[in-house]
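Colleague: I've got a new structure to get my head around. Walk me through it, please.

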Amino acid sequence: MNDYYADLHIHIGRTNSGRAVKITGSRTLTLSNILHTSSVHKGLDMIGIIDCHSPEVLQELEQYVLRGEMTELQQGGLLYEKTTLIMGSELEIYDSNCQGPIHVLAYLPTLQSMQAFSTWLSEQMKNIHLSSQRIYCDAQILQRKVAELNGLFIPAHVFTPFKSLYGKGVKKSLTEVFDPAIIDAIELGLSSDTDMVSGIEELASYTFVTNSDAHSLGKIAREYQKIHMEAVNFEELRQALHRENGRYIAANYGLHPLLGKYHETVCATCGKMVADDADICPFCQSKQIVRGVATRIKQLSSPATNKVERPPYVHQVPLEFIPGLGKKTLDKLLVAFGTEMDILHRTTLEQLTTIVPEPLAEKIILARTGQIQFAAGGGGVYGRIK
């Protein structure tokens, strides 16, 4: 068994032809750039690209395999150099049981199963070419389809105020919309962590995943996990999510919740933080209040819940968040030490000081262990390092 680093929520902005997939994604967020960045610069062992249902993306993947630049693994996934790609799809559910729209992630093991899923989706949505599109069927029909194709089903960024399970999707319980038996894991999202949600009893049986939801190349691996498994493929991932046969999530690495865009309750008009129970902003009298993730989690939590033993959640600060660490400095570090995973997990203070000044090296070490102080984010604005 070995430990591997995985970010399972990466968007594609454009295809090679220039066609938009994730409209809000960067134009440089192409399949080829994602593969190169994830493997060479980030040092990830596994990535999940969640727009693989898009026909042009599927065609590009098939071309990689035909050219011999990718290999379909017998146990699922596509191997590119040292990085395994897990094919996924982000979808929006808003059926008659939902209070608001919910984003979910579906992962399929093979090109054949993803092609079958794409064909089925084209009959359930208006534009098969775009990411995060609304699917016009009940949530449980989607769950059963993913299971039928031997896939994995994970509700996405479940506490984000917009388009998520607990943000607006349900009043109290995931059972209002989903079949709880056909959920393979829960994606926490950038404004929450394991400790914050430990009081939500119905989540106790699920593994938590932490992913970047990257809309640009630089955001890849801002959140990720370390997975203990035998090899890097789809079936090993499935076993790890279900904690089977010695496979498991060994650690979650994520932003401190204070750095998330929706941690605190904020007035969307003037941007100032307001009381959790405010209906009108006391500063500008606007009624556009965005409830913070912390507030919503408190509403859902029960103090009587038994503590579930979980892997450590490391409040790690991505290198791009560290003041004074610009692109040129990062490039020097990458030349010296290999990848961002190497810099974040394997280099010593002494090694870092051979490339950067000691104060900056110390910040990297503090960021690695989550010992930097933060100012909270909210209302769509990231928090910051003090």
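This is a predicted model: local features need pLDDT of at least 70, side-chain atom pairs count only at pLDDT 80 or more; totals for chains, interfaces and linings use all residues.

Colleague: Start with cysteine 52. Is it buried or exposed?
Modeller: Cysteine 52 counts as buried, because its relative accessibility is 1%. Buried means under 20% relative accessible area, exposed over 50%, and partly exposed in between (1.4 Å probe, protein chains only).

Colleague: How are pockets and classes defined?
Modeller: On a 1 Å grid over the protein atoms alone, a pocket is an open set of points with protein on both sides within 12 Å along at least five of seven lines; a cavity is a set where a 1.4 Å probe fits but cannot get out, and lining residues have an atom within 4 Å of a point. Points are joined across faces, edges and corners, and the volume is the space filled by probe spheres set on them. Ala, Val, Leu, Ile, Met, Phe, Trp, Tyr, Cys and Pro count as nonpolar, Asp, Glu, Lys and Arg as charged, and the others, Gly among them, as polar.

Colleague: What about the second largest pocket: which residues are closest to its centre?
Modeller: The second largest pocket has a volume of about 430 Å³. It is lined by 22 residues, with Lys42, Gly218, Leu330, Leu334 and Glu340 closest to the centre. By class, that is ten nonpolar, six polar and six charged.

Colleague: Which helix gives the most to that lining?
Modeller: α1, with five residues. α1 (31-42), α8 (327-337) and α9 (340-345) each supply at least two. Helices (H or I, at least four residues) and strands (E, at least two) are DSSP runs, numbered from the N terminus.

Colleague: Stay on α1. Which of its residues are buried?
Modeller: Leu31, Ile34, Leu35, Thr37, Ser38, Ser39 and Lys42. Their cover includes β1 (2-10), β2 (46-49), α2 (55-66), β4, β5 (83-93) and α9. After α1 comes glycine 43, with a positive phi near 75 degrees.

Colleague: Which non-glycine residues have a positive phi?
Modeller: Asparagine 150 is one of them, at about 65 degrees. It sits in the loop between α4 (139-148) and β8 (152-155). Lysine 163 has a positive phi too, about 55 degrees, and is in the loop between β8 and α5 (165-169). Asparagine 150 is partly exposed because its relative accessibility is 40%. Lysine 163 is also partly exposed, with 38%.

Colleague: Now serine 192. What is it in contact with?
Modeller: Contact means heavy atoms within 4.5 Å. Leaving out neighbours within four places in sequence, serine 192 contacts Phe159, Val197, Pro257, Val293, Ile297 and Tyr313. Its relative accessible area is 1%, so serine 192 is buried. Serine 192 lies in the loop between β9 (186-187) and β10 (208-209).

Colleague: Where does its side chain reach?
Modeller: To the backbone oxygen of leucine 188, at 3.2 Å.

Colleague: Last one, serine 173. Where is its place?
Modeller: In the loop between α5 and β9. Serine 173 counts as buried, because its relative accessibility is 16%. Its side chain makes a polar contact with the side chain of threonine 175, at 2.7 Å. A polar contact is a pair of N or O atoms within 3.5 Å; within protein, one must be able to donate a hydrogen and the other to accept it, and residues adjacent in sequence count only if both atoms are side-chain atoms.

Methods: Residues are numbered from 1 along each chain as its sequence is written. Side-chain values use heavy atoms; hydrogens and water are left out.
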